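Biologist: I am new to this structure and would like to go through a few of its features with you. Could you take my questions one at a time?

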Amino acid sequence: MKATVRAHPNIALVKYWGKRDDALILPHQSSLSLTLSPIHVTTTVEFGAAADHVELHGHVAKGSERDRVLRLLDAVRVQAGRDLGPAKVVSRGDFPMAAGLASSAAGFAALAVAGRQAAGLPADTRASSILARRGSGSACRSVQGGFCEWLRGEREDGEDSYAVQRFDAGHWPELRMVVAIVDRGEKEVKSRDGMKSAVETSPYYPAWVKDAEAEVPRARDLIAKKDLEGLGELCERNAWRMHSTSLAADPPLCYLSPATLGLIQHLREQRKKGVPVWFTLDAGPNPVLLTDAAHEVAAEALARACGAVDVVRCVPGGDAVLLSEHLF
């Protein structure tokens with residue numbers, strides 16, 4: 001009745017931005033991401049506890065934060081078809097939370113896999129991805145490693161909206177993602193609120209959906225060919241267009257800081273000098289730089305020179321995995 005899982009966050013190369021169903025967390029368009037290692041979240045779930053208890057990153061969860069975790073475990077109880085009793089959950093991450101680094105993706109992916117295992121359910125990647133999605137949309141892409149595509153799906157019940165691995169972590173070992181943390185603070189507007197505003201008020205949103213869906217097969221082709229320049233250009237284009245939908249919302253929403261823009265501008269100058277480095281950017285101020293192993297050190301130096309308070313070097317990450325040691 002107890003299980004512990006470690007899962008990695010992911011960075012979307014083709015972004016997820018906007019739900020067509022808020023309750024089931026169903027997207028308006030497909031997306032594609034890269035799982036990032038070594039950063040991770042470890043989560044232990046135990047059923048049959050004295051009372052429901054949720055501890056996230058060193059504090060006892062309350063309110064909506066606690067409710068999201070317990071709702072996902074309620075879904076596990078339904079799948080198990082039996083009374084599992086109250087649940088104790090302890091989750092810890094090793095990177096800044098709520099700073100645009102998809103910490104919730106790693107957390108809910110770990111929770112979904114650990115919850116099913118603790119309930120005695122069989123290992124099932126698709127079922128775990130669907131379950132993780134109900135906690136946090138991008139979490140469905142962190143159940144597996146490498147490059148994962150979240151299928152938009154068509155069904156109203158969401159059973160055809162889950163992530164599939166297109167290329168595993170070993171497909172492109174030379175690829176590097178350098179997380180440039182220019183701001184450690186929490187976002188003023190959470191991703192789920194920002195995307196809701198964009199869906200409801202941005203005149204650019206319909207064009208975003210059509211364009212982003214079309215970028216997914218292009219990204220798959222570039223990844224298959226290990227075309228760094230082509231993928232870098234696509235990542236930047238897609239990130240700019242996602243942020244444009246929010247800038248055009250009412251009221252306008254800007255996740256970019258002066259340091260974000262300064263770093264992005266400097267990347268253009270470096271490419272003119274022959275340094276192969278591009279950026280992508282989720283809903284937050286911290287760019288993630290896309291480069292190769294030969295230029296990883298140069299990318300870190302560039303980020304620090306442009307004001308990054310911390311830098312995390314990442315390689316393609318693997319699947320969510322069960323651990324033998326528990327957090328409690």
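This is a predicted model: local features need pLDDT of at least 70, side-chain atom pairs count only at pLDDT 80 or more; totals for chains, interfaces and linings use all residues.

Biologist: Is Glu236 buried or exposed?

Modeller: A residue counts as buried when its relative accessible area is under 20%. The relative accessible area of Glu236 is 10%, and therefore Glu236 is buried.

Biologist: Which residues is Glu236 in contact with, leaving aside its neighbours within four places in sequence?

Modeller: Contact here asks for heavy atoms within 4.5 Å. With those sequence neighbours set aside, the residues in contact with Glu236 are Leu267, Arg271, Trp278 and Phe279.

Biologist: How far apart are the end C-alpha atoms of residues 177-296?

Modeller: An unreviewed UniProt entry annotates residues 177-296 as "domain: Mvd1 C-terminal". Over this stretch the chain is 56% helix and 11% strand, and the distance between the end C-alpha atoms is 8 Å.

Biologist: Is helix 1 roughly parallel or roughly antiparallel to helix 2?

Modeller: Helix 1 (residues 63-80) packs with helix 2 (residues 103-118) at an angle of about 30 degrees, their axes being 10 Å apart. Angles under 35 degrees count as roughly parallel, so helix 1 is, relative to helix 2, roughly parallel.

Biologist: How many nonpolar residues does the contact of helix 1 with helix 2 have?

Modeller: On helix 1 the contact is made by Arg68, Val69, Leu72, Leu73, Val76 and Gln79, and on helix 2 by Phe108, Leu111, Ala112, Gly115 and Arg116. By class, 2 of the residues are polar and 2 are charged, while the number that are nonpolar is 7.

Technical notes
Residues are numbered from 1 along each chain as its sequence is written. Side-chain values use heavy atoms; hydrogens and water are left out. UniProt positions are given in the numbering used here, feature names are shortened, and annotations may be inferred rather than shown by experiment. Helices (H or I, at least four residues) and strands (E, at least two) are DSSP runs, numbered from the N terminus. Buried means under 20% relative accessible area, exposed over 50%, partly exposed in between (1.4 Å probe, protein chains only). Axes are lines fitted to C-alpha atoms, for helices over the stretch in contact, and angles run from 0 to 180 degrees between N-to-C directions. Angles under 35 degrees count as roughly parallel, over 145 as roughly antiparallel, 65 to 115 as roughly perpendicular and the rest as oblique. Ala, Val, Leu, Ile, Met, Phe, Trp, Tyr, Cys and Pro count as nonpolar, Asp, Glu, Lys and Arg as charged, and the others, Gly among them, as polar.
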